[in-house]
Amino acid sequence: MVDVYHPKTLEEALQFRSSTGAVPFSGGTDIMVRYRTSHGVLPDLPWPIVLLGHLKELQYLRLRKGSLCIGAETTLTDVMDHELTPPLLKQAIGLMAAPALRNLGTLAGNIGNASPAGDAVCALIALDASIELASPRGRRVVSLDLFIVGPGRTILAEDELITEIIVPIGEGHISWYKKVGTRRANALSKLSVSADWAVDDNVLTHVRIALGAVAPVVLRCRDIEDDMTGMKLPEIALQREDLMNRYKCSITPIDDQRSSAAYRKQAASNLVGAVLDEMTGGR
Amino acid sequence: MNEIHCRINGTDYTFSFPGERRLLDVLREDLQLTAAKEGCGEGECGACSVLKDRRVVNSCMIPVAAVEGCEIMTLEGFRQTPEGRCIVEAFSDSGAVQCGFCTPGMVMAAASLLFENPDPSEVQIRTALSGNLCRCTGYDMIVQGVRLAAERGRGLW
Amino acid sequence: MKERISSPVRRVDAYEKAGGYARYIADIPFDHLLYGKLVRTSIQRGRITGIALPDLPEGYRFISEGDIPPGGVNQINMITSDWPVFTTGEVRFCGQTIGLLVGPDRQVLHELHKAVAVTYDIEEGSSTIEEGLACRGGAFVGEDNIYVEHRLKKGDPDAAFSQADRIIEDVIETGFQEHVYMEPQGITVEYSNGQLVFHASCQCPFYIRKAVAPSVAMNLEDIIVHQVTTGGAFGGKEHFPDIIASALAVAAVAIQQPIQVVFERREDISYTPKRHPSQIIFRTALDRNNRIIAMDVDARINAGAYQSCSAVVLQRTMFSANSVYDLPNVSIRGRAVATNTVPSDAFRGFGAPQGIFAAEMHMSHVARLVGEEESEFKRRCFLKQGGRTVTNGTIHEQVLLEQMWQDISLESGYYEKLKSNPSGSFRGIGVSYYLHGGGFTGNGEQALIDSHVRLKGMKDGRVELLLSTVEMGQGLATTYRKIVASALGIDISRTIFLDPSTNRVPDSGPTVASRSIMVVGRLLQRAALQLKTCWDGTREETVEIGYEHPPWVEWNQETLQGDAYPAYSWGICVTEVEVDRASFEVETKGVWTIHEVGRAIDEQIVHGQVNGGVIQALGYASLEKLELKEGRFYQNTLADYMIPTSLDFPPVYSKLVENPYEYGPFGAKGLGELVFDGAAASFAAAVQHAIGRPVGRIPVTPEYIMELMSDE
Ligand SMILES: Cc1cc2nc3c(=O)[nH]c(=O)nc-3n(C[C@H](O)[C@H](O)[C@H](O)COP(=O)(O)OP(=O)(O)OC[C@H]3O[C@@H](n4cnc5c(N)ncnc54)[C@H](O)[C@@H]3O)c2cc1C
Ligand code: FES
Ligand code: FES
């Protein structure tokens, strides 16, 4: 049995967290699976928890200074259904778990879980999202890409909570999403690809390609993105195979119960090819 | 947290269980509300589906403390309502039920869908049921059951 | 106007299930209930050297071999008695029962269970058929790890092979499949006044009774088994409940309080039996005109660590190894191979799906190699009435496959799609033809089962059906009542069917082998017709009748020659797929089926079986990968073992053709397994067409397709 805190406000939540070391608990859809035991037996939670999923003050979507700000405790369903949500994120969430789970799960949880297979994380990283962290000491904003440092590892401080997800609105951006799951619905990713780019006068002016489940963290290859930026589309089309290969060489997938490293490498590179085709109108 | 207050099937309850206890266990063991089943205990099968504030959720994933202030509806409560009767009848007529173990969860998932969308398409129905595994029916007749409930229940949702 | 028997009625159990009123084993309260948790082996093979238990608080017990009462034996009485109730020394697989922890509080049990420490001498074990045959780590069954071996011969294959113009070799493999009945295994036992009473989620109440009796040295009459509402079974609750019940029996006699064991899903996937993996090797001889003149088949199935029903499963695999084809010269060798894996067991189809998958794929490979369109190639070899089976039996009924093909090929647009999507175009269409023999193999119905049913006419004009075949989702409560009501000419509401209990009903046999309607339903029909002659609905009258074998069926169990089944049901499945060029994921675009099951007792129930069986088979064909890693199943949760969801496959087109069978009730034949038998091959054939390469095993995962594509 552990202590379970049910704060009334974010402020109270931060107090519980900093004074007791309680672990943040949003939808619980990761935590309850990880520490599940058996029917009639309590989950084997190793630490006290502070419940956050009910905090209305962290459930919102609003525009602020050219960015979409999403309250960290907004359920996946509400994020997905909202008109302000970018299509890439909608698509990614739409393929996460199933409705009942999406009614519980949150973006904060998907981020806090720090899985390389986190689908919302993959889309958010392609969208250059950052997150706001709050603690009794104050608030800071960090790039999501830098927040997650390894499988299950983040730079969240002992007294911090994720409170907001900030997604810059890329006017005129084009996006592409593909999840290869273990089946068509209610499945975890074998791999996923999120891409977001912009073209001006046949020149690629902005590009982000994030690959999920092919490395210890959701992967972006900044060097390749930098090289592509400023290139003319026909040039990219010409370098298709080369770019695919560079991605293939950058990823370090593993064999697990869901798929094989060899497959992940091949499929990831093929999907990068599909992104490039979409970008350049090729194939 | 000392006490948990919530409303289940229209009745107010105050619990003093360990807060991390699963809602599913509380329903099944303390309240003998056994319509919700445990098929996996990890969010995969949907057999434990109940409504939390009119939306379907997996009760095996919810620590009871998290339903503080919420309204929970299980099939025992739902089947007393006109909407509940409509779905139960439509499922029965459509061949949606075989072994029946998945069925209470399916009914709750269907309810959640129809509350949001009284006239769903086939894809919307299939999507709404995609977290509820059924090993017997192959799903087609469940989909038909939901459609029949939508048709018969026009104006109800 | 008289209603057709096939016209659907609302299932009698639908409302109570849809309304959540039905009670499954975990829903039924018992006073003073104790819970049991099995302590199991955690290694694949070796010997137990020590068991260290934590201090057990008062009220908690660890039940093991030493608790078997005087006169009892440490054996479960199944088809064979090789499987012990409690493992003592030898460990044959990971997950064998060592003992049962029993106590009132599951939280405490959980902690105790974690604290049990078992030490072992670990030995090398075998997981695959190859490893079993190679006796990896030394043979543990006989000298060669073979439980049973059979050979069949039709015609003169040796002579035909010597005249062959061309010989084609092929290996077809299938993997494990987990049942995933949505309700995990569960049994509660009570003990009072010298009687053991089981409440079980099960298919075969009388099997449990027989299985546990020797371990507690009790008379069969003192063991009562109530079947409770069962949340799916598919063969998985045919024998495995015996394993749980035996340990529970010993515990209940020792403790004399009600005890319940309900599995967790992970436990269920990790430690309960699976469908037998198979490896079937073909050598096929063709003449100059590319006609098959002979086929040699070597079928091996992975039976696991104890025999259970593998001998009979093997027979079905062998008898199905030519699918619906009448080939002139055939030799078939079959072996059930022992490995250190969870014993394989019954699963919808009972060996036939493996044989049919192999035969269908091999035939399509041969067609491809000789450059013929596969449906044409296969159809030339169709069995016909009077044709000969691989056991040299006769097909007695009219075979409607050709007519069914005309119908379903049009409906599915097979030929146009074949033309518009050439091989290798990433779109493909595939077909499989299949059959399933109804009832027990060979003389099983007479020799092993000898089933009886009883009808009790009551004073109030109602009739109770008393028999042991169970409702487990397939609709028997409805179809049985329909049969009796129709035969008696009364309304179905005047019939009663309760979940059986061994002390109330005669033994109508287990709920297996597509026998429940064809064989047992026929008994009910006969009993009803007899009751009709002697009961007027105002007084009590009971009729009990037993099985009679169709007189024209000839079978020799020693030589496995003759009519292996009195009648067959038939089916065709067409599947259309599209393969993603980047991810190799397969999207199923359409599924069309046509089945001949004699006559449908209820069309809605039959279409429901078709849909469920086909989707389960498509899961087997595409998603349900189950691998072993050091003797443990690697995909042991529903997050990793993938069964189809509502979005994985499109609606299944299902059509029925009638061909009434004289010895079935109202002409009905077997159904439940047939509908599983064919879809896997049609899916694999469609993928094969789409990618332009032969597919030799299931599941056809994107990873496997990538492997096939990388040979370029
Ligand atoms: C059946 C099933 C299917 C799933 N399918 C998918 C899928 O398709 N794709 C996918 O990506 N995931 C999937 N998941 C995983 C999970 O649902 C998601 O990761 C979800 O977004 C987690 O959100 P949550 O609120 O439930 O997290 P929780 O379980 O509450 O938390 C997860 C982690 O985040 C931390 N955390 C939570 N809130 C905060 C906060 N405010 N500040 C700091 N840290 C916090 C927690 O401490 C914990 O470490 C699935 C899970 C299940 C059970
Ligand atoms: S029991 Fe809750 S989802 Fe399976
Ligand atoms: S009816 Fe049996 S699992 Fe759905």
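This is a predicted model: local features need pLDDT of at least 70, side-chain atom pairs count only at pLDDT 80 or more; totals for chains, interfaces and linings use all residues.
How many residues of chain B are in contact with how many residues of chain A?

**Entry 1: chain B against chain A**

I found 31 residues of chain B in contact with 32 residues of chain A. I then looked up the area. Chain B and chain A bury about 2500 Å² between them. Carbon and sulfur atoms give 60% of that area.

Next I turned to charges. The count of salt bridges between chain B and chain A is four. I noted one pair by name: A:Asp78 forms a salt bridge with B:Arg55. Their closest N and O atoms are 2.7 Å apart. For polar contact, I found seven residue pairs between chain B and chain A, both residues at pLDDT 80 or more.

Which elements of chain B each supply at least two residues to the side that touches chain A? I listed helix 1 (23–30), strand 4 (55–58) and helix 5 (122–128) of chain B. Strand 4 of chain B gives the most to that side, with four residues. By class, the side of chain B that touches chain A has 13 nonpolar, eight polar and 10 charged residues.

**Entry 2: chain C against chain B**

I moved on to chain C. Here 54 residues of chain C are in contact with 42 residues of chain B. The two chains bury about 3900 Å² between them, with 52% of it on carbon and sulfur atoms. In chain C, the residues that lose the most area to chain B are C:Ala18, C:Met182 and C:Ser646. Together they make up 17% of what that side buries.

I counted charges again. Seven salt bridges cross the interface of chain C and chain B. One of them joins B:Arg28 to C:Asp27, with the closest N and O atoms 2.7 Å apart. I also noted 30 residue pairs in polar contact across this interface, both residues at pLDDT 80 or more.

I checked which elements give two or more residues to the side of chain C that touches chain B. They are helix 1 (14–18), helix 7 (265–271) and helix 16 (603–622) of chain C. Helix 16 of chain C gives the largest share, eight residues. By class, I wrote down 24 nonpolar, 18 polar and 12 charged residues for the side of chain C that touches chain B.

**Entry 3: domains of chain C**

I looked up how chain C is divided. Domain 1 covers 14–21 + 445–546, domain 2 covers 31–123 + 185–263, and domain 3 covers 278–441 + 560–710.

I took domain 1 and domain 2 of chain C as a pair. Their C-alpha centres lie 32 Å apart. In this pair, 16 residues of domain 1 are in contact with 18 residues of domain 2. The area buried between these two domains is about 1400 Å², of which carbon and sulfur atoms give 58%. In domain 1 of chain C, C:Met472, C:Asp499 and C:Thr502 lose the most area to domain 2, together 39% of what that side buries.

I found zero salt bridges between domain 1 and domain 2 of chain C. Five residue pairs are in polar contact across their interface, both residues at pLDDT 80 or more. The side of domain 1 that touches domain 2 has seven nonpolar, five polar and four charged residues.

**Entry 4: backbone in chain C**

Most residues other than glycine have a negative phi, and most peptide bonds are trans. I searched for exceptions.

The peptide bond from C:Ile698 to C:Pro699 is cis, with omega near 0°. C:Pro699 lies in the loop between helix 18 (679–691) and helix 19 (702–709) of chain C.

C:Phe350 is not a glycine, yet has a positive phi of about 55°. I placed C:Phe350 in the loop between strand 15 (330–338) and helix 9 (352–369) of chain C. C:Glu630 also has a positive phi, near 50°. C:Glu630 sits in the loop between strand 25 (628–629) and strand 26 (632–633) of chain C.

Is C:Phe350 buried or exposed? C:Phe350 counts as buried because its relative accessibility is 14%, under the 20% cut-off. C:Glu630 counts as exposed because its relative accessibility is 71%, over the 50% cut-off.

**Entry 5: C:Lys378**

C:Lys378 is buried, with a relative accessible area of 1%. Residues that C:Lys378 touches include C:Tyr325, C:Met363, C:Val431 and C:Tyr433. The side chain of C:Lys378 makes a polar contact with the side chain of C:Glu360, at 2.7 Å. I also compared positions: C:Lys378 and C:Pro699 are 321 residues apart in sequence and 23 Å apart in space, C-alpha to C-alpha.

Note on methods. Residues are numbered from 1 along each chain as its sequence is written. Chains are lettered from A and ligands numbered from 1 in the order in which they are written. Side-chain values use heavy atoms; hydrogens and water are left out. Domain bounds come from an automatic or database domain assignment. Contact means heavy atoms within 4.5 Å. Buried area is the accessible area (1.4 Å probe) that two parts lose on being put together, summed over both. A salt bridge is a side-chain nitrogen of Lys or Arg within 4 Å of a carboxyl oxygen of Asp or Glu. A polar contact is a pair of N or O atoms within 3.5 Å; within protein, one must be able to donate a hydrogen and the other to accept it, and residues adjacent in sequence count only if both atoms are side-chain atoms. Ala, Val, Leu, Ile, Met, Phe, Trp, Tyr, Cys and Pro count as nonpolar, Asp, Glu, Lys and Arg as charged, and the others, Gly among them, as polar. Buried means under 20% relative accessible area, exposed over 50%, partly exposed in between (1.4 Å probe, protein chains only). Lists of a residue's contacts leave out its neighbours within four places in sequence.
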